[in-house]
Structure formats: structure tokens, C-alpha cells
Amino acid sequence: MFVLGSPYYRVFSTNWNQRFYIGLTAFFLLLLIACHNIPALAKYKDTTYAFLIAALTMVVLKAGFFNLPIDSISPVKEIALDKLSQFLHIVSVILVMTLLAGKKLGEIFLQPGRFKQGLVFGLVSFTGFAVIGYFLIAGTSNYVNMLIKSIPWLLLFVFANAIMEELWFRGIFLKVFRPLVGKWGAILVTSLVFGLSHISATYDFPGGGIVFGGLVFILGTVGAYIMYEYDSAIGPIFFHAGYDLLIIVPIINSI
């Protein structure tokens, strides 16, 4: 789903392929019905529902129901609005499907949890990444000035992407995986998929896609652990938004 069907790149014929997304959705819907009717499969019911949600997000994303008009005059604004469009498609499906199942949003870590600890971790890590990002481009004064003017759009991009991916790759899966493979099994499986889904992403990263995927795997492992540790998505969202700054800032510099 997240590699062969990833919307981030076009490597396989199944990437950005609506028929593939609909097929996945139909498969998990049928499997969910089986889980409800076959006692031996009952323990996989919640996990299957999480996969159904993930597949349906791709159907809705490909359909483009919430596509926003893009301002091609401003590259930064264009990138931010495109990411906001993805956010609207994916997060809306996750929230609606979670509530339709009679689940509380806390099941996908949308709750305070250990709020103070999570927020402190998130703010410290976000600030650290922001400082690193600044020093990476500090020598180009004209670019720094342009970047400062673009801060609202940068923040929109990184937080829309962080919320979306934390729920999509981790939030809907971690709690339902834990009874089947344990805490660390859930962390490692979701982080591995997170890394693999980014190997062929179109970012110009030193060392190429394999190195980038490995780094994303490590960052995903940290995010998943913190999500479990503080029982909330708040810390991982700020952490994720921080390392996204290190990706988006060089991209804007190359435009």
C-alpha cells in the first residue's frame, strides 16, 4: 500500500493508480467482513479496519475532492497549498472513519496524554531542527530574507505534512498492532514502511534514496516511540514538523 501505491513518486505502475487503490480498499473491506463473521479472524478486526482506512485515504486523495486552487506565482505558496490539499483528503478520511467505527480519537493518539512532556519534547526538537536549518542557509542573505517572508507558508507545509503522516503512518496502526506484534514490533514495522515509502521520493538528498529512506526509518522510530511514551501525537507532530524543515528549506532554495 505505502510502497507500491505511494503517491509520493511514480516508480511502479501502481503508484498514483486509482484502480489499485480501489482494489486495496475492496480487499480490506471483504477481509473486515470476514473478521466479523469468522471467530478465528476476530482478533484481526481492528488491524484490518486500520488498513481499510489507509487504503480509502488514497482513493479519496486520487479523486481530488478537496483540491485547492494553486497559486503558481509563488512557489512556496504553491508547495504549501498542495500539501494542505493532501492533508484535507487524508486526515478527513481518518477522522471520519475512526468516529464511524465508534472509536474515540484517543485510539489514534489525538488526545492530551502526557501533554506537558510531549509538548516539551516537541518544542525542543522543533526548535533544534529550526536552528540547524537556519545555519544551513545562513550564508545566503537574500535567500534568508525571502525565507523569513515565507514563514507562514513554511509552517503550513511542515505542520500539515506532520499531522497527516503521523496519523497516516503511525496513529491508525500503533495501538491495533501492539496486541499482535508487541510495542517494539509495532514501532519497527510502521517505521520500516515509513522509510521504504520515502526511498524513491523526489528529494535531492545526499547519499541518494537508500540513505534518505534509512534516515526516515530512524526518525520514524523515534516518533513512534514518543507517541507510545506520551500516549499522544503532540510530541511526534512537532518533532516531525522540525525535520521536515530540513527538507523543505533546501527545496525552496533550489527553486
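Is Leu4 buried, partly exposed or exposed in this predicted model? Leu4 is partly exposed, because its relative accessible area is 41%, and the views below begin with this residue.

**View 1. Leu4 and the nonpolar surface patch.** Leu4 is placed in the segment before helix 1, which spans residues 18–37. Together with Val11 and Phe12, Leu4 makes a nonpolar surface patch of about 250 Å². With a relative accessible area of 41%, Leu4 falls into the partly exposed class.

**View 2. Asn15 in the segment before helix 1.** Asn15 also has its place in the segment before helix 1, but it is buried, since its relative accessible area is 5%. A polar atom of the Asn15 side chain lies 2.7 Å from the backbone nitrogen of Phe12, and Phe12 is one of the residues that make the nonpolar surface patch. When residues up to four places away in sequence are not counted, Asn15 touches Val3, Leu4, Gly5, Ser6, Tyr9, Arg10 and Tyr21.

View 3. Ser200 is found in the loop between helix 7 (174–196) and helix 8, and at 29% relative accessibility it counts as partly exposed. Although Ser200 and Tyr9 are 191 residues apart in sequence, their C-alpha atoms are 6.4 Å apart in space. Leaving aside neighbours within four places in sequence, Ser200 is in contact with Tyr9 and Val11; of these two partners, Tyr9 is also among the residues that Asn15 touches, while Val11 belongs to the nonpolar patch with Leu4 and Phe12.

**View 4. Helix 3 and the residue that follows it.** Helix 3 covers residues 75–100, which is 26 residues, and from its first C-alpha to its last it reaches 38 Å, close to the 38 Å expected at 1.5 Å a residue. Just after helix 3, Gly102 takes a positive phi of about 80 degrees. Within the helix lies Thr98, which is buried, with a relative accessible area of 2%. Not counting residues up to four places away in sequence, Thr98 touches Ile53, Lys103, Lys104, Leu105 and Ile108. By contrast, the C-alpha atoms of Thr98 and Ile247, which are 149 residues apart along the chain, are separated by 31 Å.

**View 5. The salt bridge between Lys103 and Asp46.** The structure holds four salt bridges, and one of them is formed by Lys103 with Asp46, whose closest N and O atoms are 3.3 Å apart. Lys103 lies in the loop between helix 3 and helix 4 (115–137), whereas Asp46 lies in helix 2 (residues 45–63), so the pair ties together parts that are 57 residues apart in sequence. Lys103 is partly exposed, with a relative accessible area of 24%, and Asp46 likewise counts as partly exposed, at 37% relative accessibility. Lys103 is also among the residues touched by Thr98.

**View 6. The salt bridge between Arg114 and Glu229.** Here the side chains of Arg114 and Glu229 meet in a salt bridge, with an N to O distance of 3.6 Å. Because Arg114 lies in the loop between helix 3 and helix 4 and Glu229 in helix 8 (residues 208–230), this pair ties together parts that are 115 residues apart in sequence. Arg114 is partly exposed, with a relative accessible area of 37%, and Glu229 is partly exposed as well, with a value of 28%.

**View 7. Helix 4 and its buried residues.** Helix 4 has 23 residues and reaches 33 Å from its first C-alpha to its last, close to the 33 Å expected at 1.5 Å a residue. Its buried residues are Gly118, Gly122, Ser125, Phe126, Phe129, Gly133 and Ile137. In an α-helix there are 3.6 residues a turn, so residues three or four places apart point the same way.

View 8. Arg170 forms a salt bridge with Glu166, the closest N and O atoms being 2.8 Å apart. The two residues are separated by about one helical turn, because they are four residues apart in helix 6 (residues 151–171). Arg170 is buried, with a relative accessible area of 0%, and Glu166 is buried too, with a value of 1%. Apart from its neighbours within four places in sequence, Glu166 is in contact with Gly171, Met227, Pro236, Ile237, His240 and Tyr243.

Definitions and conventions
Residues numbered from 1 in each chain as written. Predicted model: local features only at pLDDT ≥ 70, side-chain atom pairs only at ≥ 80, totals over all residues. Heavy atoms only, no water. Patch = residues over 30% accessible without salt bridge, like charges linked within 9 Å, V, L, I, M, F, W, Y side chains within 5 Å. Areas by Shrake-Rupley, 256 points an atom, 1.4 Å probe, with all protein chains shown as cover. Buried < 20%, exposed > 50% of the residue type's maximum accessible area, 1.4 Å probe, protein only. Expected span 1.5 Å × (residues − 1). Polar contact = N/O pair within 3.5 Å; in protein donor to acceptor, adjacent residues only side chain to side chain. Contact = heavy atoms within 4.5 Å.
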